[in-house]
Amino acid sequence: MNLGSIPAGMTRRHFVQHLAAASALALPAISFTESLRASAADLKKRHKSAILLWMSGGPATIDVWDLKPGAPTGGPFQPIATSGNEQISEHMPEMAKQMKHMAIIRSMSTREADHNRGRYYMHTGYVPNPNIEHPSYGSVIAHEMNEQSKNLNLEIPPFVSVGGGSVGPGFLGMTYAPFVVSPDGQVKDLKSSIGGQRMGERLQMLASLEKSFISQHSPGGDRTTAADDHAKILHKTVELMTSKQMEAFKISQEPKEVQERYGKTGFAKGCLMARRLVEQGVPFVEVDLGGWDTHANNFQSLSRTKLPELDKAMAALVGDLDERGLLQDTAIIWMGEFGRTPRINGQSGRDHWARSWSVVVGGAGMKGGIAVGKTSSDGGDVETEPYSSQDVMASVCKSLGISLATTFTSRNGRPMKIANSGKVIKELFV
Amino acid sequence: MANWHRARFAGWFAGVVVLSTAIGLLGANKSESESHPAKTLNLGKAPDYGIAEVALINEKIRQGWQGQGLTPSAPATDGEWCRRVFLDVLGRIPSVAELQTFLADTAVNKKAKLVDRILGDDYVEEYARNWTTLWTNILIGRSGGTEEKTLINRAGLQQSLRRAFQRDVTYNQLVYDLVSAKGVSRPGDEGFNGFVNFLAGNLTDDGVEATAKTSQIFLGIQVRCTQCHNHPFNEWKQNQFWSLNAFFRQTRALRRHEGGRMVTYVDLENEDFAGERVGDKSPDPKEAATFYELRNGKVEVAYPVFVDGTPLANRSGYIDEVDRRTELAKLIVKSDQMGKALVNRLWGHFLGYGFTKPVDDMGPHNAPTHPELLDALAKAFKASSYDMKQLIRWITLSEAYSLSSKFAGKNKKDDPTLGEKPAFTHFYLRQMRAEELYESLITATEAQKARGGYEAQAAAMSGWLKQFTIAFGTDDNEETTTFNGTIPQTLMMMNGDLVQRATSTDAGGFLHQIAADPKMNNAAKITHLYLAALARKPTSAEAGVANQVMIARKGNATEALQDVWWTLLNCNEFILNH
């Protein structure tokens, strides 16, 4: 018996319990944590998800979504018309066809222009603070969608990050940590080389060792330690090893023409995987596309590599979700740490710039085909109401039906409002 | 205006102490007035092994407990302490033989003896290996030098670091060598100096990253944000960033090719620097000015000025008149902030939390938890001529380092994971680093005998580490790891190659040898595995379970041992330094 294959007619949880029941050891059944849930029927209900397309490095949004042709800061790219009311870069022809689904928020104005700080802020809505680790948006949404995940009998982690590290779960705990996978969909070391019964016995021994170390190190009450986290992740890992849902990672199972539609790059594969994971019910998927830190040769690297890669895969994702009827329930967010300077530096590059830049959102009922807000003629200032990371998150929450009254309690007992009290961007919901 | 800034900034080196002491007092007063009136704790004298600095640490840490009405956990067991000190000093858990030697020692000062031993001649190679690994990660990260188009020669940096740690150079010498390094990056070449690999990858974009990293790593001062604007939260100003940056402007990483287009090595040199041109005015090499832009578009001039406000007397950009980077290295090693930053870093390494969090972001905006101790230790470290082994000795022999990781006594609120400032009333649980796991598995399975030379070892580990390292690909060369207690790590521990090798039953391997050992009965074999993995014996209940496994495997002792060994390697008690 291989741990990777579940006998017919047996649910995965039932199977895991069987591992222990068949064992010769006089130990209680496997339970790393007390979070066993009742096995529910595999409901094919409508469900909400979000996909974050993370542009690591800080994309020059002035050359993608908010062009300034003719301005000294404008650069060589020309705008083109789209299926929506907004114009975008000539190097995004496929996305131009999909823009009726997407809104460009052109009045993003933030303060963090350092990669680490920007990454943290745009992922959490908070600036880094040495005394508290804030959960990333993926963790927050995974947490808020817990009920939905239960109803869908979701066995794979509720927050998957493809190709990038994302930001951790902070005080929400390791259950909501991003599950980082490579874009090829191969989850390393998933298969055990030993038989199910022996593995079951090992896991039984392991559970008892874990428990005793946890109880010796408990600070009491509901509080947990790194030892508890270890047990939770073990539990989750055993679930994965026996889950048929892992098929969702295998993009090679897609028809050839679908694979070709997205493209061959890592980001393309990640976008396709995101669609498959969303279909499976994963509430939050992040897909990483790096290489945007264009201090030198910005225009060359955008027009030759970055934008063609982005354009093909992102347009395929939006179109594919739409055709499958999933876009109405799936929010898409495109953003990076910050934008880049309107000023073009001596190496034909653009440097870090947070004061005026763009984020793109769409799906899950957010109004498409529009540009929200406006920057000045050289792109250096926001001329309308400025929006923040928190406002984007608040809008995404609204689109997913997550209440903005939701409040978390950090580990030190401090109440923290979801999306750090961000305000919904009204134009997206008219 | 500029003078005012300079004076104000120079003030904070001195001011940190006063200011943060005041903050510390305020904090203490507040908690006293809540529910814990300060009272004298009835603790026995903590052992100090006759070392004044250890006594000093114990005294200052205890003062903190008293101020907050905390009592410490009991001391860790000898096994726990031994495991901890091997992990933190040598980067691996102790072998069964090493553990048993320590446990069998009945001397009162057995801990001091062990620390002396692992800091001494017997372990010089392992000490150098571990601190080379640690410093390589600090200086260039886990991905530095592993990418395709890199200017960094990772093996080169490691070779120079390893030699420095083998020779036990002083910290000021190490810092000086790293900051002032000139020469060729690749081992074996004429003019080789592996230390150049610290800066080699950081010199594009006018040396912005060289400036930021040098300041952060050696002075504990984060300045990256201030390249574009005055920092909103700390005292740093934009002019200070560019004044520090001016020290790096003579430095060039000259790319050397052999045949093809790929850079095969780098020659890091200092060259004449004329200064930057502004408008149509030619630059004056005697001034070698650099310029930066304020947010409002105004352009300002910068000359070399150290972080404490000390300017270079001669601004010349001619290398035979002033070698700016060498001058910077001299200023850094003269600065008290250098020692303070290292004390903070090493305290964080051994205790799990530094006096500030993060350890490399110090300054009035981030007050240390124990300012007096930090200052006093920095002073003692300086007085020791920056002897890193002394500093390690003081910290590892301190009472704080000796305590159990269990909550006991009145210290449940001393939990930095709650956002509380650490009071060090117990040892904080933390996960092994990936490198520590790797080396520990090799030690535990006695696989070190079959290892190749240092470079082959480092390459093998580096290849294995790759699966956990994600570089962000940004100009700051930042990266993250998935060896962080999440699913990929657990899958590797349960099913991966490394653990499969460590739990192999092949003839001649670790488990096979134990299984075949006629001197040990089954119980002794199980005990041996517990000692090897967890530095303790099994409880009677655990021994009972292991016995059941023996029965379930129908007398196949090797398989039963394999099950127990796999389980031990996968448990929280193994992976957590505790």
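Let's start on a helix in chain B, H23. In H23(B), the buried residues are B:Glu542, B:Val545, B:Ala546, B:Val549, B:Met550 and B:Ala552. Those residues cover an arc of only 165° around the axis, so they sit on the same side of H23(B). One reminder before going on: this is a predicted model.

Why would residues spaced like that line up? An α-helix has 3.6 residues a turn, so residues three or four places apart point the same way.

Now turn the helix over. The face of H23(B) turned away from the buried side carries exposed residues: B:Ser540, B:Ala541 and B:Ile551.

What do the buried residues of H23(B) pack against? From chain A comes helix H6, residues 196-216. From chain B come helix H22, residues 522-534, and helix H24, residues 557-570.

Just after the helix, B:Lys554 takes a positive phi of about 50°.

Is H22(B) mostly covered or mostly uncovered? Mostly covered: ten of the 13 residues are buried. The list includes B:Lys525, B:Thr527 and B:His528. Also on it are B:Ile526, B:Leu529, B:Tyr530 and B:Leu531. B:Ala532, B:Ala533 and B:Leu534 complete the buried set.

Look at both ends of H22(B). At the start, a side-chain oxygen of B:Asn521 reaches to within 3.2 Å of the backbone nitrogen of B:Ala523. After the helix comes B:Ala535, with a positive phi near 60°.

Staying in chain B, there is a sheet. It is open, has three strands, and runs in the order E1-E3-E2 with antiparallel pairing. Which strands of chain B are at the edges? They are E1, residues 183-184, and E2, residues 251-257, each pairing on one side only. Strands of a sheet pair through backbone hydrogen bonds, either parallel or antiparallel. Here, two bridges join E1(B) to E3(B), residues 263-270, and the two strands run antiparallel. Pick out B:Val184: its bridge partner in E3(B) is B:Asp267.

One more stop in chain B. Where is the cis peptide bond? It joins B:Lys357 and B:Pro358, with omega about -5°. B:Pro358 is in the loop between helix H13 (336-351) and helix H14 (371-383) of chain B.

Over to chain A. The chain has eleven helices and 14 strands. Its C-alpha trace spans about 80 × 50 × 40 Å along the principal axes. For 430 residues, a compact globule would have a radius of gyration near 22 Å, and chain A has 23 Å, which agrees. Of the 430 residues, 62% are buried. Take the contacts in chain A with a separation of 6 or more: residues 24 or more positions apart account for 72% of them.

Now one histidine. A:His134 lies in the loop between helix H3 (115-124) and helix H4 (137-144) of chain A. Is A:His134 buried or exposed? Buried: its relative accessible area is 5%, and the cut-off is under 20%. The side chains of A:His134 and A:Tyr120 are joined by a polar contact of 2.8 Å. Leaving out residues up to four places away in sequence, A:His134 also touches others, among them A:Thr124, A:Tyr126, A:Phe171 and A:Met416.

A:Asn153 has phi near 55°, a positive value in a residue other than glycine. A:Asn153 is in the loop between helix H5 (146-151) and strand E5 (159-162) of chain A. At 15% relative accessible area, A:Asn153 is buried.

A:Ser166 is in the loop between E5 and strand E6 (179-181) of chain A. A:Ser166 counts as buried, at 10% relative accessibility.

Note on methods. Residues are numbered from 1 along each chain as its sequence is written. Chains are lettered from A and ligands numbered from 1 in the order in which they are written. This is a predicted model: local features need pLDDT of at least 70, side-chain atom pairs count only at pLDDT 80 or more; totals for chains, interfaces and linings use all residues. Side-chain values use heavy atoms; hydrogens and water are left out. Helices (H or I, at least four residues) and strands (E, at least two) are DSSP runs, numbered from the N terminus. Buried means under 20% relative accessible area, exposed over 50%, partly exposed in between (1.4 Å probe, protein chains only). A polar contact is a pair of N or O atoms within 3.5 Å; within protein, one must be able to donate a hydrogen and the other to accept it, and residues adjacent in sequence count only if both atoms are side-chain atoms. Contact means heavy atoms within 4.5 Å. Two strands pair if DSSP finds at least two bridges between them. The arc is that of the directions from the helix axis to the C-beta atoms. The radius of gyration is taken over C-alpha atoms; the globule rule is 2.2 Å times the number of residues to the power 0.38.
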